[in-house]
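Q: Please take a close look at the pockets of this protein. What lines them, and which parts of the fold supply the lining?

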Amino acid sequence: MIFASDNWAGAHPAIAENLARHAAGYMSAYGSGDLDKAVGRTFCDIFEREVAVFFVGTGTAANALSMTALARPGGVYFAHAQAHMIADEGGAVEYLSGGGRLAPVDGPLGRITPQALQAEIDRYPAAFVHSGQPAAVSITQASEIGTVYGADDIEAIAGIVRANGLSLHMDGARFANALVSLDLTPAEMTWKRGVDIVSFGGTKNGCWCAEAVVFMDAAKAGQFPFIRKRAAQFFSKSRFVAAQFEAYFRDGLWLETARHANAMAGRLAAHVEASPHACLGWKPQANEVFPILEKTAAERLKAQGAVFYDWHPPREIAGGINENETLVRLVTSFATTQDEVDRFGALLA
């Protein structure tokens with residue numbers, strides 16, 4: 001009953017097999033091989049336009065280098081207060097962007113609102129040199145607490161971004177989970193709604209180590225090869241990242257694994273709702289479930305082999321949790337089984 005993180009899951013067998021298949025022989029290095037180029041074309045097909053794709057090793061690198069690509073002197077980047085780049089990336093954005101600053105934006109259940117975003121941008125007048133200048137906005141899809149931005153939500157935020165002369169980044173560490181939840185195409189969830197750059201994650205959804213920075217307009221990626229190289233993210237044997245993405249996209253595997261993870265989260269949520277010892281903090285929309293458990297129930301579950309993390313409650317629900325309760329996070333993955341979920345449910349009942 002491993003619900004700590006989708007990072008705990010291994011690699012999908014099809015992806016592991018493809019890595020092994022490409023391990024033999026020779027291929028030109030630094031992204032110049034046939035496999036790298038073929039996967040780049042696959043990204044273009046998926047997004048229904050000519051995109052520029054750059055492999056990196058981690059989601060943190062993808063986020064930080066995306067912000068670096070959008071940097072301005074004294075630049076300020078806006079993201080939800082719970083966003084990974086603010087709460088969990090150890091200052092990587094500030095460091096790699098050469099001193100850019102992160103400005104947290106409020107919004108219920110992990111999502112910024114257009115109104116809150118505009119109010120925060122207004123705190124940094126572009127002509128007021130002392131405060132620095134706005135540079136970009138980042139949204140997390142799916143969010144850090146398992147909610148998703150609908151297509152209209154993204155478009156509304158993009159409207160604020162455009163009105164202020166900024167660029168819009170999407171942290172897609174769980175891109176596929178959000179995509180299948182909304183039943184949209186990648187194009188409909190990104191550039192057709194005003195997104196400029198995507199941190200495209202595969203690691204959490206069955207890959208071994210596969211992340212990419214994807215420019216929706218390839219013409220705007222001119223400086224990124226130098227940015228990536230300077231940050232030590234330009235892999236010589238990049239074919240092994242490409243091999244993962246090749247298997248990930250083949251026959252819709254990436255959507256299949258995401259649907260499975262989301263379905264297991266929905267099954268977990270049903271067990272929580274049926275239990276007298278727990279309730280949902282909010283409805284899950286992807287592959288993360290946040291129950292409010294009786295502390296004795298949480299301790300009992302852990303003692304019986306369930307693995308999960310306690311979680312800091314969002315401000316909007318913190319007052320509804322009493323001293324005998326705790327908010328926890330349960331994350332499902334492609335490797336989560338129905339048996340694991342049902343054993344957890346039986347123990348919780």
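A: The answer below takes the pockets in order and then turns to the sheet. The model is a predicted one.

The largest pocket holds about 560 Å³ of space. Its lining is made up of 29 residues, and H84, D88, E144, R174 and K204 are the closest to the centre. By type, the lining of this pocket divides into eight nonpolar, 13 polar and eight charged residues. Two helices, α3 (59-69) and α4 (84-87), each supply at least two residues of this lining. Of the elements, α3 gives the most, with three residues.

The second largest pocket has a volume of about 290 Å³. It is lined by 16 residues, and those nearest its centre are G31, D36, K37, G40 and V53. Here the lining consists of eight nonpolar, three polar and five charged residues. At least two residues each come from α2 (34-47) and β1. The largest share belongs to α2, which provides five residues.

A136 has S167 in β5 as its bridge partner.

Note on methods. Residues numbered from 1 in each chain as written. Predicted model: local features only at pLDDT ≥ 70, side-chain atom pairs only at ≥ 80, totals over all residues. Heavy atoms only, no water. Pairing = 2+ DSSP bridges. Helix = DSSP H or I, 4+ residues; strand = E, 2+ residues; numbered from the N terminus. 1 Å grid on protein atoms, 1.4 Å probe; cavity = no way out; pocket = protein on both sides within 12 Å on 5 of 7 lines; lining within 4 Å. Points joined across faces, edges and corners; volume = space filled by probe spheres on them. Nonpolar A, V, L, I, M, F, W, Y, C, P; charged D, E, K, R; others polar.
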